[in-house]
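Subject: Structure handover

Hello,

Here is the structure for you to look over. My notes follow below it.

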Amino acid sequence: AQMIRDGLHITPAGPTLIEVPAGGIEVDLDIEWDTQDRTYLWGARIRTGVDETTAQHVVFADWSADFDAQAEYELAAQVADWLRAQRRRAESAGQSLRVFHWSSPEPSRLRRILGAEATADLLDRDSGVFTDLEDVFKTGFISLHGSSIKKVAPHFGFSWSVEDPGGAISQTYLNMLRTNGTDAAPAKDWLLSYNADDCTAMTVIRDGMRNWQ
């Protein structure tokens, strides 16, 4: 009631701001899956610490119309190997890797596709690699309209560059890409932009929580 009265959409949950987890290398990870529930796109925004000048967007994708379970496995394995390489790079500098995601799809699908044993070094709680940024947000802030990233990010000053961003519409664009052949470039551009924006939204939210005043 106080938030409605004061015109607030989000506010800290308590008088003391939470400490947002950090890493020497920070990765924001976001995935997209098709109508067969197969993950065909893994997008990762990587930077050194909080230095935005180092930020890069890395994409692992398979746009094939015949994308199957084996292809999904091989793509996820590439992602896991890349994450391990980033962890080794961080450790060689005496630092740590921190992978952020919003809600559970990224770690749960990595585990489902590759197997729990194959991903234990990345996903087990003791590894300290993956962090659910939505959980961090809900611990430290109250949101009047829920904790969907599409609801939260605009209140930290972020907006998506594509129209009508969402997982369902992304599957429509993927179907366009897979069926239109050489005319598929606009659909691919939309999907890559949407995925990159989801990753950047996490960065903006995380930095916004750290710098909240």
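Strand β3 is mostly covered: nine of its 10 residues are buried. Buried means under 20% relative accessible area, exposed over 50% and partly exposed in between, with a 1.4 Å probe and protein chains only. Helices (H or I, at least four residues) and strands (E, at least two) are DSSP runs, numbered from the N terminus.

Before the rest, the ground rules. This is a predicted model, in which local features need pLDDT of at least 70 and side-chain atom pairs count only at pLDDT 80 or more, while totals for chains, interfaces and linings use all residues. Residues are numbered from 1 along each chain as its sequence is written, and side-chain values use heavy atoms, with hydrogens and water left out.

The sheet

Five strands make an open sheet with mixed pairing, in the order β4-β3-β2-β5-β6. Two strands pair if DSSP finds at least two bridges between them. β4 (51-61) and β6 are the edge strands, and each pairs on one side only. From one strand to the next, the twist averages 25°. Axes here are lines fitted to C-alpha atoms, for helices over the stretch in contact, and angles run from 0 to 180 degrees between N-to-C directions.

β2 and β3 run antiparallel and are joined by nine bridges. V27 has I46 in β3 as its bridge partner. These two strands form a hairpin with five residues between them. In that turn, D37 has a positive phi of about 65°.

β3 (residues 39-48) also pairs with β4, in the antiparallel sense, over seven bridges. A44 stands opposite V58 in β4, and L41 stands opposite A61 in β4. The β3 and β4 hairpin has two residues between the strands, and G49 takes a positive phi near 55°.

Helices on the sheet

α2 packs on the sheet. This helix touches β2 (25-33), β3, β4, β5 (97-101) and β6, and its direction makes about 10° with that of β3. Contact means heavy atoms within 4.5 Å.

Q86 lies in α2. Why does Q86 count as buried? Because its relative accessibility is 10%. Leaving aside neighbours within four places in sequence, Q86 is in contact with I25, I46 and L97.

α5 (residues 133-140) lies across β5 and β6 and runs at about 45° to β6.

In α4 (residues 116-123), the buried residues are T119, L122 and L123. They cover an arc of only 70° around the axis, which puts them on the same side of α4. The arc is that of the directions from the helix axis to the C-beta atoms. The buried residues of α4 pack against α2 (69-92), α3 (105-114) and β6 (130-132).

The pocket

The largest pocket is lined by 20 residues. D30, W33, K150, Y194 and D198 lie nearest its centre. Elements that give two or more residues to the lining are β2, α3, α6 (149-152), α7 (167-180) and α8 (185-210). The largest share, five residues, comes from β2. On a 1 Å grid over the protein atoms alone, a pocket is an open set of points where a 1.4 Å probe fits, with protein on both sides within 12 Å along at least five of seven lines; lining residues have an atom within 4 Å of a point.

Best regards
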